[in-house]
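Colleague: I'd like to learn how to read a model like this one, feature by feature. Could you take me through it slowly?

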Amino acid sequence: MMQFFGETRIDFIRQRWKAIAVSAIIILAGLVSMIIKGGPKYGVDFLGGTVIQVHFPQAPNIGDVRQALADAGYGDIEIKTFGAANEILLRAEKQEEGTAISDAVMNALRQAFAHNPPEERLVESVGPKIGKELRTAAIWATLISLALILVYVSFRFEFIFAVGAVIALFHDVLITLSFFSLLDMEVNLTVVAAFLTIVGFSLNDTIVVMDRIRENRRIHRDATIEQLINLSVNQTLGRTIITSLTVFTVVLILLFFGGDVIYNFAFAMTVGVIAGVYSTVYIASPIVVEWHKKAEVQKIRRGVKVA
């Protein structure tokens, strides 16, 4: 196989506390942001409501759009451009029967912009009850996937490896969620899909490193756990960089050229891929190191000889 990277001897474990500190600051900032804002900013998928995509022949003045809706009694509707300046996305949290709200909104806009008649392109409505059920289902889907990963990794490796892997996956999701809160971005169903994709991507890299650690434990029986992890991460570093750069390039293209519909998904994937690359080394591995150190201390106290 063609070798793109030579042999490296980087002491990753030595720098773990600095990486953990950076992660802790980001997650803490995100949690404070979510507490101040009353939780993540949920999209219409989870809150319920109506989204209307409106096309104008010419780009309208957003202030005039807001005034027209306020005059019609819909002053609380969120307004933002969607892709182009003449594409407007309206989001109303209130839910009315059938297409009543979209018909009323479009009538108000057509009267106010008779010289620039708008056209309804898309209407999506989600009831508050369904939105709550979707939110609950998304949380359970994430928790159940993490629990199954814990069982699988415990069965394939050791329990402590599974704990390290699952905490690293939690870390990746929390980092991504923190950026969403700090940047006031919406969490919707596509973002949840991105979370689950991040979990799969990050786990794949973690499994590869753990598999190499298990092999090296049989070969280097006298090595410490820090030496084994450093050796294993260095041996798999080339694969990790190539795989991550490939995925990162794809999600970066989606982020800049994918359009507004998948922007949040692409952003979540971009942050998640970055977090997933270093969480294996700086989150999962330190947990394994500290666990082994405590286990050795307990063995010494019980009078068991430690190799």
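Modeller: Let's begin with strands: two of them pair if DSSP finds at least two bridges between them. Helices (H or I, at least four residues) and strands (E, at least two) are DSSP runs, numbered from the N terminus. Keep in mind that this is a predicted model, where local features need pLDDT of at least 70, side-chain atom pairs count only at pLDDT 80 or more, and totals for chains, interfaces and linings use all residues. Residues are numbered from 1 along each chain as its sequence is written, and side-chain values use heavy atoms, with hydrogens and water left out.

Colleague: In which sense do strands E2 and E3 pair, and over how many bridges?

Modeller: Antiparallel, over five bridges, with E2 covering residues 78–82. Within that pairing, Ile79 has Leu90 as its bridge partner in E3. Strand E1 (residues 49–55) also pairs with E3 in the antiparallel sense, over six bridges, and there Thr50 stands opposite Ala92.

Colleague: Is E3 mostly covered or mostly open?

Modeller: First the cut-offs: buried means under 20% relative accessible area, exposed over 50%, and partly exposed in between (1.4 Å probe, protein chains only). E3, residues 84–92, is mostly covered, with seven of its nine residues buried. Helix H6 is mostly covered too, with 18 of its 24 residues buried.

Colleague: How does the reach of H6 compare with what is expected?

Modeller: The expected span of a helix is 1.5 Å times one less than its number of residues. H6 runs 34 Å from its first C-alpha to its last, close to the 34 Å expected. After H6 comes Asp184, with a positive phi near 60°.

Colleague: What should I look for in aromatic pairs?

Modeller: Rings of Phe, Tyr and Trp (its six-membered ring) pair if their centres lie within 6.5 Å; planes under 30 degrees apart count as stacked, over 60 as edge-to-face and the rest as tilted. The whole structure has five such pairs. One of them is Phe180 with Phe267, edge-to-face at 5.6 Å centre to centre and 70° between the planes. Phe180 lies in H6 (residues 159–182) and Phe267 in helix H9 (residues 263–301), so the pair ties together parts 87 residues apart in sequence. Phe180 is buried at 1% relative accessibility, and Phe267 is buried at 12%. Ring pairs also bring Tyr263 into a cluster with Phe180 and Phe267.

Colleague: And how many salt bridges are there?

Modeller: The rule is a side-chain nitrogen of Lys or Arg within 4 Å of a carboxyl oxygen of Asp or Glu, and the count comes to eleven. Lys37 and Asp184 make one, with their closest N and O atoms 4.0 Å apart. Lys37 sits in helix H1 (residues 16–37) and Asp184 in the loop between H6 and helix H7 (189–219), so this pair ties together parts 147 residues apart in sequence. Both ends are partly exposed: Lys37 at 42% relative accessibility and Asp184 at 42%.

Colleague: Where do Glu215 and Arg212 lie?

Modeller: Both are in helix H7, three residues apart, about one turn of the helix. An α-helix has 3.6 residues a turn, so residues three or four places apart point the same way. The side chains of Glu215 and Arg212 form a salt bridge at 3.6 Å, N to O.

Colleague: Which salt bridge has its closest N and O atoms 3.3 Å apart?

Modeller: That is Lys293 with Glu226. This pair links distant parts of the chain, Lys293 in helix H9 and Glu226 in helix H8 (residues 225–257), 67 residues apart.
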